[in-house]
Amino acid sequence: MSESEMTLGAGQATAFEPSPYGVQSKKLTMWLFIASDAVTFGAILFGYAYLRAGTPDWPTPFQFSPSIVNGLIMTLVLLTSSLTMLAAVAAAKQGRKSSALLWISATIVLGIIFATLHLREWFHMFAEGWSLSKNPLGGTVMFGATFFSITGLHLMHVISGVIALIVIAIGYNTEWLDAGHVETTGLYWHFVDLVWMFVFPLLYLMNVAR
Amino acid sequence: MTDTKNGPGMKEYIAIWVGLLCIVGIETFLTTMHISTHRLLAALLVLAFVEAGIALLFFMHLKYERPRLFWTLVPLVIFVLFMMNHIWPDAYRMLNMRVPIQ
């Protein structure tokens, strides 16, 4: 049965064409959002690369420990959260409600751990004198501006994802939302993970003191 | 309701997850090597795109959707990102035109 038939009933559904992409409208909407968000992150990363390429005294402040070690732990946490999200989607599709809720909860916890590690790193950098417009090492101030902007935008996506997952968990538990909603939110969560795959090497690994 | 094919099982997902972690390990290892900044950037970008491709196709299930979804979204995003490359001449002009600090 098509989505339009489920919504309107078989009689009225004949007036509508089937989805050309074979996915629910909410999933297609999420894909379109992801495409536009990918371009947003692409633009902000290009902006960072532009400034870096045009600045001879670009600082490389990160030491392997603690900055890169912390970044690696954050990467491990985020990648693992994608795995728990996949388990949640698989369980929701199979109608295993308690299992799905357990895996969604695990994803939420991992998201909170990621955000906490990120904020801890930020406050450590603030204590060293870094800010959007300050560079304690001397030279260009654009490092702080780009670093906090890009990681801040990503962190905002993680926090939004955690909030969305909490809403989805509550809705799915009360049967107000279905497995399709869990899958669509999972798509968003994997995208947040995908963006980090560019943020970590470009902002952390490329700025290690060598 | 949808035409989505069945994707990999959890065992395959765990294998992919391990593979992604290995790529992150390679990226970090390359950072500790004494290679030029340009080569390091090129290597990290290639590995990041490989990671992103794996995540997109398997974690985000794009491989198992109708091909037209892939062909609608991916070339569009790549085209827009490609067009952003017009900034480079200006970035290098900015570098060369900088007034030296006395």
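This is a predicted model: local features need pLDDT of at least 70, side-chain atom pairs count only at pLDDT 80 or more; totals for chains, interfaces and linings use all residues.
Residues are numbered from 1 along each chain as its sequence is written, with chains lettered from A and ligands numbered from 1 in the order in which they are written. In short, chain A has seven helices and zero strands, and chain B has four helices and zero strands. Helices here are DSSP runs of H or I with at least four residues, strands are runs of E with at least two, and both are numbered from the N terminus.

**Chain A overall**
- Reading along the sequence of chain A gives α-α-α-α-α-α-α.
- The C-alpha trace of chain A spans about 70 × 35 × 25 Å along its principal axes.
- Of the 210 residues in chain A, 36% are buried. A residue counts as buried if 20 or more other C-beta atoms lie within 10 Å of its own, exposed if 12 or fewer, and partly exposed in between, with C-beta atoms placed from the backbone.
- Take the contacts in chain A between residues at least 6 apart in sequence: 72% of them join residues at least 24 apart. A contact means that the C-beta atoms of two residues, placed from the backbone, lie within 7 Å.

**The largest nonpolar core**
- This core has 63 residues, and Ala88(A), Ala100(A) and Ile104(A) have the most contacts inside it. A nonpolar core is a set of buried Ala, Val, Leu, Ile, Met, Phe, Trp, Tyr and Cys residues joined through C-beta atoms within 7 Å.
- At least two residues of this core come from each of α3 (25–53), α4 (64–93), α5 (97–128), α6 (142–173) and α7 (179–204) of chain A, and likewise from each of α1 and α2 of chain B.
- The largest share, 14 residues, comes from α7(A).
- Setting aside neighbours within four places in sequence, Ala88(A) contacts Ala100(A), Trp103(A), Ile104(A), Thr107(A), Val182(A) and Gly186(A).

**A look at Thr184(A)**
- Thr184(A) sits in helix α7 of chain A, and it counts as buried because it has 23 C-beta neighbours inside 10 Å.
- Not counting residues up to four places away in sequence, Thr184(A) touches Lys26(A), Lys27(A) and Met30(A).
- Thr184(A) and Lys27(A) are 157 residues apart along the chain, yet their C-alpha atoms are separated by 5.4 Å.

**Chain B on its own**
- Chain B reads α-α-α-α along the sequence, and 19% of its 102 residues count as buried.
- The axes of α1(B) and α2(B), which are lines fitted to C-alpha atoms over the stretch in contact, come within 10 Å and cross at roughly 170°; angles run from 0 to 180 degrees between N-to-C directions.
- That makes α1(B) roughly antiparallel to α2(B); the cut-offs are under 35 degrees for roughly parallel, over 145 for roughly antiparallel, 65 to 115 for roughly perpendicular, and oblique for the rest.

**Where A meets B**
- The contact takes 40 residues from chain A and 40 residues from chain B.
- On the chain B side, α1 (10–32), α2 (37–59), α3 (67–83) and α4 (88–97) give two or more residues, and the largest share, 10 residues, comes from α1(B).
- By class, that side of chain B has 29 nonpolar, four polar and seven charged residues. Ala, Val, Leu, Ile, Met, Phe, Trp, Tyr, Cys and Pro count as nonpolar, Asp, Glu, Lys and Arg as charged, and the others, Gly among them, as polar.
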